[in-house]
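Take a look at the sequence and the structure below. Then let us go through some questions together.

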Protein chains: 2
Amino acid sequence: MEGEIKAIIFGLGEMGKRIAKGVLEKGASIVGAVDVAEGLVGKDLGEVLGLGRTLGVRVTGDAWGLLSKAEADLAIIATASHLEAIRPQLELCIRAGIDVISTCEELAYPHHKHPELSREIDELARRHGATVLGTGINPGFLMDALPIMLTGACQRVEGIKVVRVMDSSKRRPSYQRKIGTGLSPEEFRRMVDGKEITGHVGLAESIAMIASALGWKLDGIVEFPPEPILAERELRTPYATVGPGRVAGLRSAAHGIRGGRPAIALEFVSHAAVEEEYDSISIEGVPRICERIAGGVHGDLGTVGVIVNMIPKVLAAEPGLVTMKDLPLPSAVEDLRPPGPRTPRAGSLQ
Amino acid sequence: MEGEIKAIIFGLGEMGKRIAKGVLEKGASIVGAVDVAEGLVGKDLGEVLGLGRTLGVRVTGDAWGLLSKAEADLAIIATASHLEAIRPQLELCIRAGIDVISTCEELAYPHHKHPELSREIDELARRHGATVLGTGINPGFLMDALPIMLTGACQRVEGIKVVRVMDSSKRRPSYQRKIGTGLSPEEFRRMVDGKEITGHVGLAESIAMIASALGWKLDGIVEFPPEPILAERELRTPYATVGPGRVAGLRSAAHGIRGGRPAIALEFVSHAAVEEEYDSISIEGVPRICERIAGGVHGDLGTVGVIVNMIPKVLAAEPGLVTMKDLPLPSAVEDLRPPGPRTPRAGSLQ
C-alpha cells in the first residue's frame with residue numbers, strides 16, 4: 001500500500017460520524033461520504049462532523065455514482081445491523097475492489113445465520129481482491145475475540161461464560177428507547193413479540209465465532225428473547241423517569257449447546273439501575289481463567305477504537321470475507337499515515 | 001499440511017516433558033526427542049514421560065543425526081531462556097526446513113536485544129521456508145500479547161501498566177531457588193550482582209513487543225535489578241522455611257520510556273507470602289481499560305497451553321521469524337489431528 005489511506009464512509013448516524021472523525025484524526029483521508037438522509041445530502045462532510053472546516057467532500061445518496069469515480073482503499077459501512085440490509089452497499093464496494101469494514105453486527109460472524117450468503121460474499125470478495133470484515137466492540141471484540149484470545153492459554157476448555165453489564169442511563173436516548181426504558185412490562189413483551197425490541201444483536205454471531213475458533217461443533221445456538229429488568233425504585237435518567245415496576249432495561253442471553261449443555265453462555269445486561277459496569281469472561285478449563293474488566297469498556301468509544309484499529313490489518317489481509325479470529329492480534333493504531341518522510345503532528349511524538 | 005503433525009522436542013526438562021505430553025494428548029506425533037542429559041539419552045520417550053508405554057522414539061543427544069533423517073513438520077525447543085543458547089538448535093531446525101516454536105524467553109521478541117541476530121534468523125527462516133516463534137505464558141501472552149489485544153479497543157493509548165503477582169510457595173523447588181527463597185538480603189544482592197538471580201526473564205522483550213505493535217518509538221527500555229521481598233513472619237513452603245527478614249521472593253520491573261516517562265510499566269512479583277494471585281492490565285487512554293485475571297494464570301499450565309495452541313497458527317504462517325503480534329488471534333486447540341475421516345477418541349466428541 002502506498003500513499004495515504006483513502007476511505008469512504010457509508011452512514012453518518014452517531015457511530016458513522018464518530019468513526020469518520022476517528023479516521024481523520026489518525027491522518028487517513030475520507031474521499032467520499034454516503035447517506036440518504038435529506039438533511040445530510042449535499043452538505044460538506046466537515047460541516048456534518050462539526051469540524052469547523054470543510055473537507056471538500058459532499059455527502060451523497062448516490063453510492064454507485066461515487067464508487068464509479070472515487071479512488072479509495074477502504075469503505076466503512078456503519079448503516080445497519082442486519083446483513084441483508086447492508087448487502088447492496090457491501091457488494092457495490094466489493095465489486096469496486098475496495099476493502100470493507102462494517103459495524104454490521106451480523107457481518108461479525110455471518111456464517112452461522114447466513115451460510116449461503118457468506119459463501120457468496122467470500123467468493124465475490126476473493127474475485128475482486130477485496131477483504132471484508134464486520135467488527136466493533138460487541139460483536140467483534142468483548143464477547144468473542146477476547147474470550148477466544150484467553151482460551152489461547154488453555155490446555156483444555158470445558159465452558160465459557162461471558163457477561164457484559166452496562167449502565168444504560170449514561171447512554172443516548174435512542175439507545176435507552178431501543179432497550180425499552182420506561183415501558184410497562186406488558187408493553188415491553190408486546191414490543192419483543194413484534195420485534196421492535198430485539199435486545200443485543202450479535203450474541204449468536206459471537207457464539208458461532210467462538211465455536212469456530214475452538215473447532216467445536218455445536219448442537220445448536222439458542223437465543224432467548226430479551227427479558228425486561230424492572231425498576232425497584234424510581235429511576236431518573238437524562239432520557240426518562242422510570243417508575244417502580246416499569247422497565248429499567250433488559251437482559252439478552254444466548255447459549256451455544258454442546259453435548260447437551262450450554263458450553264458457551266453469553267449474557268448482555270443493560271439497564272438504568274446498574275451499580276457496577278463490567279465485562280467478565282470465565283473459562284472453565286485447564287487452567288481456569290476468570291477475567292474481568294472493571295467499569296466495562298465504553299461501547300461507542302470502543303467500537304470506534306476497534307473499527308479504526310483494524311484498518312491496517314484489513315488492508316494487509318488476503319482478500320475474502322474474514323472475521324476477527326482470522327486476523328492478526330488487534331492493536332491500537334496511533335497513525336494511519338504511511339511510514340516514511342512525514343510532517344510531525346503537534347504532540348504526536350510526545 | 002497433510003497427514004498428522006510430526007513434532008520433534010528439544011529439551012526434556014519439566015516444561016519440555018509437559019509440552020510433549022500436551023502435544024501427544026491432542027493427537028500429534030513426536031518423531032524425535034533431543035536431550036543431552038546422561039540419564040535420558042537412549043531411553044524411550046514414553047518412559048521419560050511416564051506414559052506407561054513406549055513410543056518407539058529414543059532420546060538422543062545427536063540433534064544433527066536426528067534432523068538429517070527424521071521427517072518432521074515442527075520442532076519445539078524447550079531448553080534455554082537466552083537466544084544465543086538455543087541458536088545452534090534453532091539454526092539446525094531452520095536449515096532442515098521445519099517450523100520452530102520455542103519457550104526461549106528472548107525469542108518471544110528478539111529484535112530489541114538482538115537486532116542483528118534477529119535479522120539473520122529471519123532471513124535464514126525465509127530462505128528455508130521455516131516459521132519461527134518464541135512464546136509461552138510470559139513472555140508471549142500475559143504481559144505482551146494480551147495488553148496489545150486490549151489496546152485494540154482504544155482510540156488513544158497513553159500508558160500501559162501490567163502486573164503479574166504469583167504465589168511462589170506453590171511452585172517447584174527449582175523455581176523457588178531461582179527467585180532466592182530463604183536467602184538473607186545480603187546473599188540475595190550478591191547473587192543478583194553475580195547474575196545468579198536474574199528475576200523474570202522477558203520483561204524487556206514484552207515491552208519491545210508492545211511498543212512495536214503500537215508503533216511507538218521508545219526512548220529506551222530500563223530493566224531494574226530484581227529486588228528482594230522479605231518475609232515479615234515465618235513462612236513455610238514445601239521447599240523451605242523462611243525466617244522473618246529473609247527473602248520470600250522478588251519483584252522484577254521494567255519500564256518502556258516514551259517522552260521521558262514510563263509509558264509501559266511491567267512488574268513481576270513472586271514470593272511465598274502472596275495473599276492473592278492476579279494478572280492485571282491497566283490501559284490509560286480512550287477508553288480506559290482496567291482488566292484483571294483473578295487468581296492469575298498458572299504459569300506452567302499456561303505455557304503448555306500457549307505453545308500447543310500456537311502449533312496450527314505457526315504451521316499455517318508464512319516463513320520467517322514471527323512474534324505473537326504477527327499471528328492470528330490465539331485460540332485453544334482441541335485436536336491437532338488433520339480434519340477428515342478420523343477415529344473418534346473417547347470423550348473428544350462430548
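This is a predicted model: local features need pLDDT of at least 70, side-chain atom pairs count only at pLDDT 80 or more; totals for chains, interfaces and linings use all residues.

Residues are numbered from 1 along each chain as its sequence is written, chains are lettered from A and ligands numbered from 1 in the order in which they are written, and side-chain values use heavy atoms, with hydrogens and water left out.

Me: Which residue is the bridge partner of B:Glu227?
Reply: β8(B) pairs with β11 (residues 247-258) of chain B. The sense is antiparallel, over nine bridges. In β11(B), the partner of B:Glu227 is B:Arg251.

Me: How far apart do the C-alpha centres of the two domains of chain A lie?
Reply: Domain bounds come from an automatic or database domain assignment. For chain A it gives domain 1 (6-136 + 301-326) and domain 2 (145-296). Their C-alpha centres lie apart by 26 Å.

Me: Which residue meets A:Lys113 in a salt bridge?
Reply: A salt bridge puts a side-chain nitrogen of Lys or Arg within 4 Å of a carboxyl oxygen of Asp or Glu. Domain 1 and domain 2 of chain A have two salt bridges between them. In one, at 3.7 Å from N to O, the partner of A:Lys113 is A:Glu205.

Me: What area do chain B and chain A bury between them?
Reply: Contact means heavy atoms within 4.5 Å. It takes 49 residues from chain B and 49 residues from chain A. Buried area is the accessible area (1.4 Å probe) that two parts lose on being put together, summed over both. Of this area, 59% is on carbon and sulfur atoms, and the value is about 3800 Å².

Me: Which residue of chain B forms a salt bridge with A:Glu334?
Reply: The count of salt bridges between chain B and chain A is two. In the one with A:Glu334, the closest N and O atoms are 2.7 Å apart, and the partner is B:Arg258.

Conventions: Two strands pair if DSSP finds at least two bridges between them. Helices (H or I, at least four residues) and strands (E, at least two) are DSSP runs, numbered from the N terminus.
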